[in-house]
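The exercises below ask for a careful reading of one structure, each with a worked solution. Please keep the sequence and the coordinates at hand while working through them.

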Amino acid sequence: MTPRRAAGAAAFAGAAATAVASYFDENTRRAVTIGTMGPVCRLFVRGMNHLHVHDMHYLERSLERPSGIGLLTVSNHIATIDDPHLIAAVVPPRLLLRGSTEMRWGVCAADVCFKEGSFLAKCADAAKVLPVRRGAGVFQEELDVIITKLRQGDWVHYFPEGKIRQDRHVHPFRRGVGRIIAAIDDTDHLQVLPFYHIGLDNVQPTTPESTSILSKPNLGIHVHVIFGAPVDLSHWLAMRNHPPFDKQPMLLYEIIAHILEEEVRGLRAELQRRICDQGDSIVYVREREATVSSEYSRANLASQALEFCGVSTSCESYPTP
């Protein structure tokens, strides 16, 4: 099968499943769509490329969490096929067969996946994808829907970088992820699981001539995913109603986003070490300590809040531009 046919097959499977499922109720529609499209996406990543999953036990444990405990996974965003293709490839197959209840809720920009009247919007809804409005701030209604899903004990996957980046850097995590986590009242009712991945940026590179999920993919690429342990944010969440966060919640959102960003950056370093030890041929681009002035500004903002709480901090890794 040619690369273009492989991409087309996945898209056709999703479209056909959505068309058939449109005659059923919401749960059946999602079960049919995910149960049909999921295995095709999984086959594309695992069968036509080479998938290497590191520390999978962290995800497996989180998927076995008690009922009523929400799961928020966060990762870097490097290709249009990060979700659903990669997610479908790493989860146990049984989840694809229980898609309406156990599979993740994805998140996609409203101006990309939810254009009014588009067939893509119907596909996204049937595949358990939620909209988010870029630039609408942390208090938009769309984030409230995500928070509700987590409070119900569902799994949501979120890309805190906010857009696709194919330069092998971990870019600043936006504060929206901090607001989502801080909105969960009981910290014991949410797990936050980070992971980092590479390879799909080579499978589906984004260029001015290639921006669609239907663009001709490259096959035979080594795709690596590494999961981290759940991030314990209870210390910071316990301070939600104390100064300075009671008056300036944005500071807390920034700190949470920054912590998760560093967790993913740490996974990147660990994955690089493991691949280099194995002598893999993947070429890495060394990450700059600071790429844009906004990184320095957000680090200073988080640092000010940390210092207010009596925690020694340093912004040496974010030098003044």
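**Exercise 1: a helix pair**

Helix 2 (residues 26–47) and helix 4 (residues 82–90) have axes that come within 7 Å and cross at roughly 85 degrees. Classify this crossing, and list the residues of helix 2 and helix 4 that meet.

*Solution.* The model is predicted, so local features need pLDDT of at least 70 and side-chain atom pairs count only at pLDDT 80 or more, whereas totals for chains, interfaces and linings use all residues. Residues are numbered from 1 along each chain as its sequence is written, and side-chain values use heavy atoms, with hydrogens and water left out. Helices are DSSP runs of H or I with at least four residues, strands are runs of E with at least two, and both are numbered from the N terminus. Axes are lines fitted to C-alpha atoms, for helices over the stretch in contact, and angles run from 0 to 180 degrees between N-to-C directions.

Step 1: the angle makes helix 2 roughly perpendicular to helix 4 (under 35 degrees is roughly parallel, over 145 roughly antiparallel, 65 to 115 roughly perpendicular, the rest oblique).

Step 2: with contact meaning heavy atoms within 4.5 Å, Met37, Gly38, Cys41, Arg42, Phe44, Val45 and Arg46 of helix 2 meet Pro84, His85, Leu86, Ala88, Ala89 and Val90 of helix 4.

**Exercise 2: salt bridges**

Which parts of the chain does the pair of Arg29 and Asp125 tie together?

*Solution.* Step 1: a salt bridge places a side-chain nitrogen of Lys or Arg within 4 Å of a carboxyl oxygen of Asp or Glu, and by this rule the count comes to 17.

Step 2: Arg29 and Asp125 form a salt bridge whose closest N and O atoms are 3.3 Å apart; because Arg29 lies in helix 2 and Asp125 in helix 7, the pair ties together parts that are 96 residues apart in sequence.

Step 3: Arg29 counts as buried at 18% relative accessibility, while Asp125, at 28%, counts as partly exposed (buried is under 20% relative accessible area, exposed over 50%, partly exposed in between, with a 1.4 Å probe and protein chains only).

**Exercise 3: confidence**

What is the average pLDDT of the protein?

*Solution.* On the predictor's per-residue confidence scale from 0 to 100, the protein averages a pLDDT of 85, and 77% of the residues score at least 70. Over residues 281–296, however, the pLDDT is below 50, although this stretch has 38 contacts in the model beyond near neighbours in sequence. Where pLDDT is low, the predicted coordinates should not be read in detail.
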